[in-house]
Amino acid sequence: MLDIKFVRANPSVVREDLEKRQDKEKLSWLDELLDADAQYRKLTVESEALRAGRNVATKAINEAIKSKKSPSEIDGLKIEAAQIPRKIKQAEEKTRDLEEKIRFYLMRLPNILHESVPFGKDESGNKVLRAWGKVRKLSAQMPPHGEWLEKNGLAEFSRAAKISGAGFYFLKGDAALLELALQRFAIDSLSKKGFTPVTPPFMMSRAAYEGVTSLDDFEKVMYKIDGHDAYLIATSEHPLTAMYKDEVIGEENLPIQLCGVSTCFRREIGAHGLDTKGIFRVHQFNKVEQIVLCKPQDSWEWHEKMQANAEEFFQKLDIPHQVVSICTGDIGIVAAKKYDVEAWMPREQKYREVTSASNCTGYQAARLNIKYRIGKQGSQDERKEFVHTLNATAIATSRALRAVIENHMQEDGTVSVPKALLPYMNGIESIGKKTA
RNA sequence: GCGGGGGUCGCAUAGUGGCCAUUGCGGCAGGUUGCUAACCUGCUGUGCCUACCGGCACGCGCGAGUUCGAGUCUCGCCCCCCGCGCCA
């Protein structure tokens, strides 16, 4: 969410941003928010005055008791004082309503976009920035990746459906190894760049989850555990960012660079088109994620670095890809700027999203109340400000695996293992059976 | 899951209905002293009002209740520690 202090001080910045997004409903919210905030502060002053009055009355009673005033005099004071709590309660109810209203708007107003975010009303407005590698043409004999996996005994889809429903899969043999190799490759590369590998809890409480995602996601994306205040994580970004909730981080401890490794669970897996069978759109996959918490002045540089890391992985896997900057209409409410890497999928003759890198600036930090300390602790110039949070996919195994299979399929029907993964493959250089 | 103990301002501690949340350590600022240091004083949770000096409110794991008044009493919940049970 936006920092209410920021909204108060810069209403025109927020307004211009909403205009850029062409979001009329939220534009009207802004005025209501500012209005509610002004009322809230006015009422707070009033109810604090009431409390101050109560404290005075209470003190008078105490002194009367101590100085042994007559019981009737004390009772008189008590009867008088007894009027005050009711008034306080009334004022509190009103301020609570306003607080809820303010929170409602703040939780739904989007982050302020970076000026470089391209304008557009949906994903068709995303801007291609660059492309890498030579794309391959569709050869007549290339099977859909799901079929290929199944034929080669490397995956099971119907048995997965039998026990778990649609959108699940068993990976077997060399495919299972390849999946783990992709993860180890990403983890090792990131470790060398200063990211600490972390395996997080796969479930989070509602309160913590509200800090990192938009409210719509609770209805659409996340699995709720029945009977418990727990949601299965949709990405390790969520626990790894939320883990610093309500903390003040010393300036000297920034940046925090984490490499999240987890399974990800998603209810909505989108429209199915070509090659429905397979591992591209699934309810569960594994992902290695880059997370950074840093000072605001450093976040744009980090955003580029993390994006460069993502591109580097796909270069090392020798998978042609393009980079797009997500436009105003497609970016969602949390990120200030977002890049996707889209890998070439030969079967579809299309680029498809495989990674996503977002600078969330102070938006998650404000919700989670994650600050950092500027100036020495206890000194006069000590200040606290919200950190900036960033997340970027390194490897999402399901999608990367499909990209590897399709881009490295040989004439003989086998898939050659990219060189970068060989150290993790027990000497296996190609997977799948040769077609006769 | 059951039983017992606990959660107080960065850390450590005191506080069983009114004493404006105690003390120590650490940190910051200033001062004093012949100085790789000691000592003294002040400051060291959050929000709001104010041009400023400053003031007020909130804050003792979270929430509700009793009361004129709650760190302190009552109820619900969360987390940590010890023991038992169960278990990969």
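**Backbone exceptions and the RNA-facing surface**

With 9 C-beta neighbours inside 10 Å, Asp246 counts as exposed in this predicted model, because the limit for an exposed residue is 12 or fewer. Asp246 lies in the loop that links helix H11 (237–242) to E7. Although Asp246 is not a glycine, its phi is positive, at about 60 degrees.

A positive phi is also found at Asn426, a residue other than glycine, with a value near 50 degrees. Asn426 belongs to the loop between strand E16 (415–416) and strand E17 (430–431). Asn426 is likewise exposed, since 9 other C-beta atoms lie within 10 Å. Most residues other than glycine have a negative phi, and most peptide bonds are trans.

An exception in the peptide bonds occurs between Leu254 and Pro255, where the bond is cis, with omega near 0 degrees. Pro255 is located in the loop between strand E7 (248–250) and strand E8 (256–265).

The surroundings of RNA strand B were examined next. There are 23 residues around RNA strand B, of which Arg51, Ala52, Ala81, Gly378 and Ser379 come nearest. By residue class, the surface near RNA strand B comprises eight nonpolar, eight polar and seven charged residues. H3 contributes 13 residues, the largest share of this surface. Helix H3 (24–66) and helix H4 (71–81) each provide at least two residues of the surface near RNA strand B.

Notes. Residues numbered from 1 in each chain as written. Chains lettered and ligands numbered in written order. Predicted model: local features only at pLDDT ≥ 70, side-chain atom pairs only at ≥ 80, totals over all residues. Near = placed C-beta within 6 Å. Helix = DSSP H or I, 4+ residues; strand = E, 2+ residues; numbered from the N terminus. Nonpolar A, V, L, I, M, F, W, Y, C, P; charged D, E, K, R; others polar. Buried ≥ 20, exposed ≤ 12 C-beta atoms within 10 Å, placed from the backbone.
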